Amino acid sequence: MKIAIIGAGNLGLSIATGILNSNGATSMYLTKRDIKSIADFEKYDKVTVTDDNRLAVQRSDILIFAVQPVHFAEILESVKDLLTDNHVLISTITGFGIAKIEAVIGKDHYIIRSMPNTAISVGKSMTCICSNEKGKKRVELAKAIFNRMGHSMEIPESQMQAATVICASGIAFWMRLIRATTQGAIQLGFDAHEAQELAMHTCNGAASLLIESGNHPEEEIDRVTTPMGCTIKGLNEMEHQGLSSSLIRGIVASFDKITEFKNS
Ligand SMILES: NC(=O)C1=CN([C@@H]2O[C@H](COP(=O)(O)OP(=O)(O)OC[C@H]3O[C@@H](n4cnc5c(N)ncnc54)[C@H](OP(=O)(O)O)[C@@H]3O)[C@@H](O)[C@H]2O)C=CC1
Ligand SMILES: O=C(O)[C@@H]1CCC=N1
């Protein structure tokens, strides 16, 4: 698979790392305007680092766009004459709908919108996908690409903003929960390094329990909460302080912000 990542910033480089770690490309072009910061990637035989988007498009089949929304239309405009039926366009760009992409390059292209997260660099991204009409024929290909670096789900485009909050912003939300648990562990006497180790592996274990058993979280909670024990005491105090409520309100605030951006 010949892959170009147009916009090798935070997300683009996470995707590049995930692809390289999973041996998912025969060649990879990484582009940005100022290439100094990504020159190190040239150490990989398969990788070419360039500021020339047109060259990357000509030499690749799978085009992954990971630029800021404000740059996307201009970049599409600058490469659209090079697009062929071999190209599959995969946009990761928040709030930039398929209709807007088609308005620049037309409908007769395989267009996929994807919403991965930065855990793609370690093969653990939850990636949501939707497509234009023609792109339906390439959804399985896109899923295969993202499944090598985590888990993917096809969703309607109308849910893409919500998926951005839950999956992409979600990495930051879970990091803050892990950080808070770490702070609690330090207060209970662990040193900072130990505290983080305890917090992150416990988080990993909790998610793995659900993924592997298919159970509802409350089933697993029931197994941990001894009657009159310390777990239910702590859990109830967290809820009195608004744990679930604050998470839900944060998620909705984040969604309102994205929707505001979409409507602006
Ligand atoms: N960060 C995240 O976790 C997620 C981000 N997203 C979406 O992905 C997109 C990228 O986000 P993020 O990686 O955080 O942003 P960054 O700003 O880190 O990366 C964007 C990159 O695009 C490059 N760029 C700008 N103009 C051009 C151009 N003309 N040609 C080629 N490259 C260009 C920039 O480099 P230079 O200035 O040198 O050109 C920069 O490195 C956004 O649309 C965001 O909404 C989606 C899911 C998760
Ligand atoms: O915070 C943001 O707006 C972008 C979209 C998802 C992750 N980063």
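The protein has a mean pLDDT of 96, with 98% of its residues at 70 or more. This is a predicted model, and its scores are ipTM 0.96 and pTM 0.92. The domain assignment divides the protein into domain 1 (2-155) and domain 2 (164-263).

**Domains**
- Taken over C-alpha atoms, the centres of domain 1 and domain 2 are 31 Å apart.
- Domain 1 contributes 8 residues to the contact between the two, and domain 2 contributes 8 residues.
- On the side of domain 1 that touches domain 2, 4 residues are nonpolar, 4 are polar and none is charged.

**Ligand 1**
- The shell around ligand 1 consists of 25 residues.
- The closest of these residues are Gly7, Gly9, Leu11, Arg33 and Thr94.
- By residue class, the shell around ligand 1 has 10 nonpolar, 12 polar and 3 charged members.
- Two helices, H1 (10-21) and H3 (69-79), each provide at least two residues of this shell.

**Helix H3**
- Besides supplying residues to the shell around ligand 1, helix H3 has the buried residues Phe72, Leu76 and Val79.
- Viewed down the axis of H3, these buried residues lie within an arc of 75°, so they line one face of the helix.
- The packing partners of the buried residues of H3 are helix H2 (53-58), strand E4 (62-65) and helix H4 (98-105).
- Val70, Glu74, Glu77 and Ser78 are exposed residues on the face of H3 turned away from its buried side.

**Ser152**
- Ser152 is located in strand E8, which spans residues 150-154.
- A residue counts as buried when 20 or more other C-beta atoms lie within 10 Å of its own; Ser152 has 22 other C-beta atoms within 10 Å and is therefore buried.
- Apart from neighbours within four places in sequence, Ser152 is in contact with Thr127, Ile129, Lys143, Phe146 and Asn147.
- Ile19 and Ser152 are 133 residues apart along the chain, and their C-alpha atoms are separated by 15 Å.

Conventions: Residues numbered from 1 in each chain as written. Chains lettered and ligands numbered in written order. Predicted model: local features only at pLDDT ≥ 70, side-chain atom pairs only at ≥ 80, totals over all residues. Domains from an automatic or database assignment. Contact = placed C-beta atoms within 7 Å. Nonpolar A, V, L, I, M, F, W, Y, C, P; charged D, E, K, R; others polar. Helix = DSSP H or I, 4+ residues; strand = E, 2+ residues; numbered from the N terminus. Buried ≥ 20, exposed ≤ 12 C-beta atoms within 10 Å, placed from the backbone. Near = placed C-beta within 6 Å. pLDDT = per-residue confidence, 0-100. Arc of directions from axis to C-beta.
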